[in-house]
Amino acid sequence: MAATDQINWIIYPLLVRGIGVVSSIIGTYLVKAGPGKSGDAMAAIFRGFLTSAAISTVLFMIVAFFYMRDVPGGWWRPFLSTSAGVLLAIVLDRLTDYFTGTEATPVREIRASTRRRPGHHDPIRPGCRL
């Protein structure tokens, strides 16, 4: 049993993981590029990711409200914790896209540095500045 003698604190994270799995499956099915947008796959993937995040957040609130209602501290604390995790995942996704996306400044600078000096293949040095 948990230190608070409430099993809710053990079951809630399991419910959160289950919600995450279901919402990511739904988001996967919603990833579609629009007509004529075959080159913008990352935007379609990000839309699916945001859809999954929105579905998860709403379901986290519902589960926290009904399942964690009687825990000390209130149901909103577990909900805010899981919502903060979703927000951090979105921020991490955007940072990863910026530093690894082919249209972002860091990757373009590394690509340009390898093209400026023929015969000199040292893309490591500009990459270390990141």
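Buried means under 20% relative accessible area. The legends below describe a predicted model.

**View 1. Thr 82 in helix H3.** Helix H3 spans residues 76–100 and includes Thr 82. The relative accessible area of Thr 82 is 14%, so the residue is buried. Beyond its neighbours within four places in sequence, Thr 82 touches Tyr 12, Val 16 and Phe 60.

**View 2. Packing of helices H1 and H2.** H1 covers residues 8–29 and H2 covers residues 41–67. Their axes lie 8 Å apart, at an angle of about 150°. Angles over 145 degrees count as roughly antiparallel, and H1 and H2 are therefore roughly antiparallel to each other. The crossing of H1 with H2 is right-handed. Contact residues of H1 include Tyr 12, Leu 15, Val 16 and Ile 19. Those of H2 include Ile 55, Leu 59, Phe 60 and Val 63. By type, the contact has 12 nonpolar residues, 8 polar and no charged.

**View 3. The pair Trp 75 and Phe 79.** The structure holds 5 aromatic pairs. One of them joins Trp 75 and Phe 79, with 6.2 Å between centres and 40° between planes, a tilted arrangement. Trp 75 is partly exposed at 24% relative accessible area, whereas Phe 79 is buried at 14%.

View 4. The ring centres of Tyr 98 and Phe 99 are 4.9 Å apart. Their planes stand at 80°, so the pair is edge-to-face. Tyr 98 is partly exposed, at 39% relative accessibility. Phe 99 is partly exposed too, at 37%.

Definitions and conventions:
Residues numbered from 1 in each chain as written. Predicted model: local features only at pLDDT ≥ 70, side-chain atom pairs only at ≥ 80, totals over all residues. Heavy atoms only, no water. Helix = DSSP H or I, 4+ residues; strand = E, 2+ residues; numbered from the N terminus. Buried < 20%, exposed > 50% of the residue type's maximum accessible area, 1.4 Å probe, protein only. Contact = heavy atoms within 4.5 Å. Axes fitted to C-alpha atoms, helices over the stretch in contact; angles between N-to-C directions. Parallel < 35°, antiparallel > 145°, perpendicular 65-115°, else oblique. Left-handed = near helix turned anticlockwise from the far one by under 90°. Nonpolar A, V, L, I, M, F, W, Y, C, P; charged D, E, K, R; others polar. Phe/Tyr/Trp six-rings, centres within 6.5 Å; stacked < 30°, edge-to-face > 60°.
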